[in-house]
Amino acid sequence: MEIKLDKMQGYLTSDRKFDQKSALKSTGVKAAICYKEEKDGKPVNQDMIRDEESLSTLVIRGLNTIFQDHTTPSEHQMVTLEITDIPKALCMVLNNEKQYTADERSLRYTEVKKSEYISDKEVELYNKWLNILYDVIDKKHGDFYRKYSKTENGAKKAMIKLAQENARFMVSVFMPTSITYTVPWIQINKIMTYMQKVVDNPMNDFEERLIPYFKEFIDKCINLDVAITKDSLYRNLISDEDLE
């Protein structure tokens, strides 16, 4: 599994890691809007907070909101992960959350081959049902597809896609695919907290099978500075003169 941060997204350092300090600064600004009092009779606005408060004040306030589980200020900062060779089962975990956007490669466009995830038997069953389903679709709906596509080749491709979409149920949910996944920064950390709980105490056989993928996902997010860890907090609090 390979995970990269989208180079077109915000909160990105020069080495394409997540810029936690900037994200915490932004969190601190959003949090201040909730309770800061007027100054000299002027309503508090975001520019005033950014211009008048120190980086340390903003970052520490941002951290405090996270530690207090007041996470709306840290839901504005988005993380976009570009993931390849991710098991479909892990996509299902990520897509089970409600606060995300995802573009995932469909198995209707993916050729099924034997791999560490897919056995010879699964490939055999997939191809068997691919042919059965194609014949059924052609027999019952071939005229429609030929009329709609206007060419025999176009009709065949459309029917193959539909057959592939249904034949995929013969294949393990651990088959690898690709996904672009955008989620609030704090939300992906909450998901990783859930993953770690499963790693530490799996409740069933399916969770047991997910453990190596959860571990790999967490490790790669730590390497990208997406994960909030003790080390990352330490760096945020001491690596800038304004934070000493």
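Predicted model: local features only at pLDDT ≥ 70, side-chain atom pairs only at ≥ 80, totals over all residues.
## Strand pairing

Residues are numbered from 1 along each chain as its sequence is written, and side-chain values use heavy atoms, with hydrogens and water left out.

Strand S2 (residues 78-87) and S4 (residues 176-184) pair in the antiparallel sense over 9 bridges, where two strands count as paired if DSSP finds at least two bridges between them; helices (H or I, at least four residues) and strands (E, at least two) are DSSP runs, numbered from the N terminus. Met78 stands opposite Pro184 in S4. Strand S1 (residues 2-5) also pairs with S2 in the antiparallel sense, over 4 bridges, and the bridge partner of Lys4 in S2 is Glu82.

## The sheet and its helices

Taken together, 4 strands form an open sheet in the order S1-S2-S4-S3, with antiparallel pairing. Its edge strands are S1 and S3 (101-104), each of which pairs on one side only, and the twist averages 15° from one strand to the next. Such angles run from 0 to 180 degrees between N-to-C directions, with axes taken as lines fitted to C-alpha atoms, for helices over the stretch in contact.

Helix H4 (residues 88-95) packs on the sheet and touches S2, S3 and S4, its direction making about 155° with that of S2; contact here means heavy atoms within 4.5 Å. Helix H7 (residues 185-200) packs on the sheet as well, touching S2 and S4, and its direction makes about 125° with that of S4.

Leaving aside residues up to four places away in sequence, Asn189 touches Val226, Ala227 and Ile228.

## Cysteines

The structure holds 0 disulfides, a disulfide being a pair of cysteine sulfur atoms within 2.5 Å. For Cys221, the closest cysteine sulfur is that of Cys91, which at 13 Å is too far for a bond. Cys221 is buried, at 0% relative accessibility, while Cys34 is exposed, with a relative accessible area of 57%.

How values were computed. Buried < 20%, exposed > 50% of the residue type's maximum accessible area, 1.4 Å probe, protein only.
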